[in-house]
Amino acid sequence: MRLAPAVSTTPLVTSWDLLGVGVATGVGALLLAVVGARAWWTARRRQPASERGPAGGIGRRQLLEQAVIAVFVAALAGLVSAATDYLVTASGRRGHRYRLGSAEALLEHLRRSPDPYYDPVGGFYVVAYPAGDLPRARLAYHGRELAGMEDGFVALDAACPHGGCRVVFCRSSRFFECPCDGSRFDAAGELRRGPAQRGLYRYAVGVEGGRVVVDTGWRVPGPPPGTDTTGQPPAGPHCY
Ligand code: FES
């Protein structure tokens, strides 16, 4: 069974941060080409023929200048890329309703995939919540958070509650982990290690007409430290 076309089943491949990297790299490469061509042309016009390189090219000094410019532009591209990733992850696209595939198809996808479902536009993860842990969940959650769990899903904001970096799903530990300062969250987004002070923010998620719907207009802070409804141990080494 396939998910509806609106659902990306290739997490991270088309994510906004990669888009940011692509845009920044493209702009950087373009700038580099323009600056390099301009420097080459200027140097060529000003230099006496006797000082030109063996094939009438640029001299050593100009080459060095261009190398410095190239390094500067590459650093700038990296900075723009990181800033794009941070801003998009931190702001997301709130206030939208995302209609994912059928609940059955999404559960099947989550069962087969080594990663949770990631929506690159909404900036959220969706994980399956184990039915066997619902009695504990009923003591710690309520309202729409609990309703989503009763439907079998949890939708988690990918932005770390500590500083907004995008948390990644570590395949070896099977925890969400933050590459910035090392906070860790289990697969249900519950806090396992700070400096974050809460679990991951949650969005409303539920099954409507057989399809999973995530409502990013409804977002609540994650549970406080000490909340552990699944008792999930790390499956292996942590990534951060
Ligand atoms: S931003 Fe995630 S731990 Fe600081």
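Mentor: The structure holds 11 salt bridges, a salt bridge being a side-chain nitrogen of Lys or Arg within 4 Å of a carboxyl oxygen of Asp or Glu. This is a predicted model, in which local features need pLDDT of at least 70 and side-chain atom pairs count only at pLDDT 80 or more, while totals for chains, interfaces and linings use all residues. Residues are numbered from 1 along each chain as its sequence is written, and side-chain values use heavy atoms, with hydrogens and water left out.

Trainee: What makes Arg97 and Glu208 a salt bridge?

Mentor: Their side chains meet at 2.8 Å, N to O, and the cut-off is 4 Å, so the pair qualifies. Arg97 lies in strand 1 (residues 97-102) and Glu208 in strand 9 (residues 202-208), so this pair ties together parts that are 111 residues apart in sequence. Strands (E, at least two residues) and helices (H or I, at least four) are DSSP runs numbered from the N terminus.

Trainee: Why is Arg97 called partly exposed?

Mentor: Buried means under 20% relative accessible area and exposed over 50%, with partly exposed in between, using a 1.4 Å probe and protein chains only. Arg97 has 48% relative accessibility and therefore counts as partly exposed, and Glu208, at 36%, counts as partly exposed too.

Trainee: What does the salt bridge between Arg144 and Asp215 tie together?

Mentor: Those side chains meet at 3.5 Å, N to O. Arg144 lies in helix 5 (residues 143-150) and Asp215 in strand 10, so the pair ties together parts that are 71 residues apart in sequence. Arg144 is partly exposed at 38%, while Asp215 counts as buried at 14%.

Trainee: Which residues are linked in a network of salt bridges?

Mentor: Asp186, Glu190, Arg192 and Asp228 are linked in that way.

Trainee: What makes Gln232 a residue in contact with Asp186 and Arg192?

Mentor: Contact means heavy atoms within 4.5 Å. Leaving aside neighbours within four places in sequence, Gln232 is in contact with several residues, including Asp186, Arg192 and Arg174. Gln232 itself is found in the segment after strand 10 (211-220).
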